Amino acid sequence: MKNIAFLALCLIAILLSVASAEARSMRRPPIPATSELGVALDIQGASVGGSGCKGGSAIIKQLGSNMIQVITPNMSTFAKAGKLERSACSIAIPVKLKSFEALIVEDAVVVGDVALKKNATATTNVEIFHPEMQGAKVSRIDNGKKVSKFRMKTAHFATSCGGSTLLRMNLSQVVNATKSKASSGKSNAKVGGALLKMQVVSCL
């Protein structure tokens, strides 16, 4: 009986040790992979479309080793009193990963500004995602007579391991001035661009 009890205690100790090791491994930060961000992302092959990025006017460039900047100089929406106007910009950047790599978007911030007349509203929508995930739309509404800047943050996410995918960004704005007086002039909203912090990590 003593031997059985001793073996039972040994087994429990082993199981606890394994569980502790697994817990530590789950807390372990991602291991940086061999590919640089500029190798995994084909910025030159990005596609741009929409009324807010006419003629592919969005500018996409890499800043440092883990930042992508998107500038949208034409993403402005103007609405005369009594009118409702919309604009949109869609960007898709090809991503090619080695079989043991994934792309993590750690942080994404979109900036813009509004200049609204009395009784006007501006709705701004942002989606940053890849095709395999559910759309992660973030929205904000600015109301009334105001002139201000804004910042919008989206949730972080990771791609699946390996293969080819797309890093997508959808921007849209609606300026509703249908309740503004005719003498109040134009209301407008603008998305200036976005800054994305990301890295290629190992799935191993």
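This briefing walks through the cavity, the disulfides and the salt bridges of the structure above. It is a predicted model, so local features need pLDDT of at least 70 and side-chain atom pairs count only at pLDDT 80 or more, while totals for chains, interfaces and linings use all residues. Residues are numbered from 1 along each chain as its sequence is written, and side-chain values use heavy atoms, with hydrogens and water left out. A search of the whole structure turns up two disulfides and four salt bridges, and there is one cavity of 30 Å³ or more.

**Cavity**

- Rolling a probe the size of a water molecule over the atoms shows where empty space is left.
- Here a cavity is a set of points, on a 1 Å grid over the protein atoms alone, where a 1.4 Å probe fits but cannot get out; lining residues have an atom within 4 Å of a point.
- The largest cavity comes out at about 40 Å³, a volume being the space filled by probe spheres set on the points, with grid points joined across faces, edges and corners.
- Its lining is made up of I68, V70, I91, I93, L167, R168, M169 and L196.
- By type, that lining splits into seven nonpolar, no polar and one charged (Ala, Val, Leu, Ile, Met, Phe, Trp, Tyr, Cys and Pro count as nonpolar, Asp, Glu, Lys and Arg as charged, and the others, Gly among them, as polar).
- Strand 12 gives the largest share of the lining, three residues.

**Disulfides**

- The cut-off for a disulfide is a pair of cysteine sulfur atoms within 2.5 Å.
- C161 and C203 form a disulfide with sulfur atoms 2.0 Å apart, and the link is left-handed, with -115° about the S-S bond.
- C161 is partly exposed at 46%, and C203 is partly exposed at 31%.
- Number the bonded cysteines in sequence order and the pairing reads 1-2, 3-4.

**Salt bridges**

- A salt bridge here is a side-chain nitrogen of Lys or Arg within 4 Å of a carboxyl oxygen of Asp or Glu.
- K197 and E106 meet in a salt bridge at 4.0 Å, N to O.
- K197 lies in strand 13 and E106 in strand 7 (residues 101-116), so the pair ties together parts 91 residues apart in sequence.
- D107 pairs with K153, their closest N and O atoms being 3.4 Å apart.
- D107 is in strand 7 and K153 in strand 10 (residues 146-154), so this bridge ties together parts 46 residues apart in sequence.
- D107 is partly exposed at 25%, while K153 is exposed at 53%.
- D142 bridges to K146 with closest N and O atoms 3.2 Å apart; D142 is buried at 1% and K146 partly exposed at 27%.
- R140, D142 and K146 are linked in a network of salt bridges.

Conventions:
1 Å grid on protein atoms, 1.4 Å probe; cavity = no way out; pocket = protein on both sides within 12 Å on 5 of 7 lines; lining within 4 Å. Helix = DSSP H or I, 4+ residues; strand = E, 2+ residues; numbered from the N terminus. Buried < 20%, exposed > 50% of the residue type's maximum accessible area, 1.4 Å probe, protein only.
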